[in-house]
Amino acid sequence: EAIGKNSKERDVVQQSCVLSLGIIGDTDKDKMDVEIREALKRISDDGDLQSKNFAMVALGQVGGRPGQGEGNEDGQKECRNFLLTSLTKGKNHIKPWAGIGVGVMERALLDAGLTPSATAKETLRETLKDAGSPEHVGAYAIAVGISKDPEAKTILAEKFEKTSEDGARGHVAVAIGMIEARDLIPTIQKVVKES
């Protein structure tokens, strides 16, 4: 109710509710879990800016957590499709957060011993490759790092060498560490020495 269409709750309360729903929801067909997924998708359109952003991460958390009931594959597909659509066709301000959500979801599946989506990881890599603004480069780099995608190594190396903005370059370096691309250590050391 706190994040309902007619809610009068302050933004900070709604943001906290969005984060909480990401922690407790899962992908099965239980009535509550279906309602959680619907509420998160709705708030991603109707909420304040930070609630919209948090909803992307929360959907990633929910999508990466199978429930004990039936229909987990459908719920997982629902969350992934929503996040990928937001990443590729959403408004510019939501795309980086959708990318983070995709990374969170795929990493949760990996950590649970399930198979992450090759398509989702490929979409993240392509989005990072095409990213131009420092904010987007940094967000997508962190997203591929969270997803622990070793296939992103070449793209991360290119972005690290070509990105001149310090913050974005730092995020790319963190992502390189997250995927454990130890062979790129000399590249990072060279940039540090030259800076």
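Residues are numbered from 1 along each chain as its sequence is written, and side-chain values use heavy atoms, with hydrogens and water left out. Because the model is predicted, local features need pLDDT of at least 70 and side-chain atom pairs count only at pLDDT 80 or more, whereas totals for chains, interfaces and linings use all residues.

Two packed helices are described by the angle between their axes and the distance between the axes. Helices here are DSSP runs (H or I, at least four residues), numbered from the N terminus, and axes are lines fitted to C-alpha atoms over the stretch in contact, with angles that run from 0 to 180 degrees between N-to-C directions. The axes of helix H7 (residues 134-146) and helix H9 (residues 166-178) lie 8 Å apart, and the two helices pack at an angle of about 10°. H7 is therefore roughly parallel to H9, a term that applies to angles under 35 degrees. On the H7 side the contact (heavy atoms within 4.5 Å) is made by Pro 134, Val 137, Gly 138, Ala 141, Ile 142, Gly 145 and Ile 146, and on the H9 side by Ala 168, His 171, Val 172, Val 174, Ala 175 and Met 178.

With a relative accessibility of 13%, His 136 counts as buried, where buried means under 20% relative accessible area, exposed means over 50%, and partly exposed covers values in between (1.4 Å probe, protein chains only). When residues up to four places away in sequence are not counted, His 136 touches Asn 92, Pro 96 and Ala 131.

Aromatic rings of Phe, Tyr and Trp (its six-membered ring) pair if their centres lie within 6.5 Å, and planes under 30 degrees apart count as stacked, over 60 as edge-to-face and the rest as tilted. By this rule the count comes to one aromatic pair. The ring centres of Phe 54 and Trp 97 are 6.2 Å apart and the ring planes stand at 80°, so the pair is edge-to-face. Distant parts of the chain are linked in this way, as Phe 54 belongs to helix H3 (residues 49-63) and Trp 97, 43 residues apart from it, to helix H5 (residues 95-111). Trp 97 is partly exposed, with a relative accessible area of 28%. Elsewhere, the charged end of Arg 169 sits over the ring of Phe 160, 5.3 Å from its centre; for such an arrangement, NZ of Lys or CZ of Arg must be within 6 Å of the ring centre and within 35 degrees of the ring normal.

With a disulfide defined as a pair of cysteine sulfur atoms within 2.5 Å, the count comes to zero disulfides. The closest cysteine sulfur to that of Cys 17 is in Cys 79, at 18 Å, which is too far for a bond. Cys 17 is partly exposed, at a relative accessible area of 25%, whereas Cys 79 counts as buried, at 1% relative accessibility.

Most residues other than glycine have a negative phi.

Arg 10, in the segment before helix H1 (11-24), counts as exposed at 58% relative accessibility, and its C-alpha lies 9.9 Å from that of Asp 48, a residue 38 positions apart in sequence. Arg 65, in the loop between H3 and helix H4 (72-89), counts as partly exposed at 28% relative accessibility. The C-alpha atoms of Arg 65 and Ala 108 are separated by 6.9 Å, although these residues are 43 residues apart along the chain. Leaving aside neighbours within four places in sequence, Arg 65 is in contact with Gly 22, Ile 23, Ile 24, Gly 25, Asp 26 and Thr 27.

Notes
Parallel < 35°, antiparallel > 145°, perpendicular 65-115°, else oblique.
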